[in-house]
Amino acid sequence: MPLPITLILLALGILLLLLPRRRSGIALCAGGFVLLFLAAWPPTANRLLLPLEQSYPAITSSQGLHGIYAIVVLGSAYYPEDRQGIFSELSETATVRLAEGVRLFHLTGQPRLILSGGSRSDGKPVSEGYRQGAKALGVPGEMIFELDTPRDTAQEAIATQALLGEGARVVLVTSASHMPRAIRHFEKVGLKPVAAPTHHLANKPSSKHWQYWLPSADALKMSERALYEYMGRVSFFLDH
């Protein structure tokens, strides 16, 4: 990720500055600052993230959704120890994914809402937080199915296939940048996913304003998101 790489470069550069390697130290420090600037610069972040987020269009109507077995919402982060209400305990990404899944549930009249996500520690699984949030948004408990063991996208695909069977056509809800990799995992196990991307972060060209040209923490987050997904795609192809 850009930030830790930058810190490593700066640390090495400062170390070399303290030694008789002044030019190398200056070069490393300059490289670290340039890397951080580019990663936090919105034009760079958008250029990295937009191709991922534009891979699939968002679903705006129920047209073309016949024969759907279920709506599957992929997991994110859940912090039940906060005790501040379910939508404070779910991460921003998790809340947006869940809201989109519930919207599509009501839009399509789909009787099955599959909420996925195990615990990455020894705490409560993400699927449990999703269940609480879905019920709060009006989804009857008997229409909710939990996948409470998967810890990554590959495991979520396998668990969904085990629940529904090979060839099941599902609406797949996840972040727009994550969707291309998620689709590949679900297709690999024999499912027929229909993409329902949400949580778009990249700015469209028409929304540019003067702040667009200033480095920001939001842009750095976008660059990190994009690089994470590109590395995930490389890992997928190396494993398969």
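**A parallel sheet and its neighbours**

Visitor: How many bridges join strand E2 to E3?

Guide: Strands here (E, at least two residues) and helices (H or I, at least four) are DSSP runs, numbered from the N terminus, and two strands pair if DSSP finds at least two bridges between them. Strand E2, residues 113–116, runs parallel to E3, and Ile114 stands opposite Phe145 in E3. The number of bridges joining E2 to E3 is 4.

Visitor: What is the order of the strands in the open sheet?

Guide: This is a predicted model, in which local features need pLDDT of at least 70 and side-chain atom pairs count only at pLDDT 80 or more, while totals for chains, interfaces and linings use all residues. Residues are numbered from 1 along each chain as its sequence is written, and side-chain values use heavy atoms, with hydrogens and water left out. The open sheet has 5 strands with parallel pairing, in the order E3-E2-E1-E4-E5.

Visitor: Which strands are the edge strands?

Guide: An edge strand here pairs on one side only.

Visitor: Is His199 buried or exposed?

Guide: His199 lies in the loop between strand E5 (192–198) and helix H9 (217–239), and its phi is near 55°, a positive value in a residue other than glycine. Buried means under 20% relative accessible area, exposed over 50% and partly exposed in between, with a 1.4 Å probe and protein chains only. Because its relative accessible area is 11%, His199 is buried.
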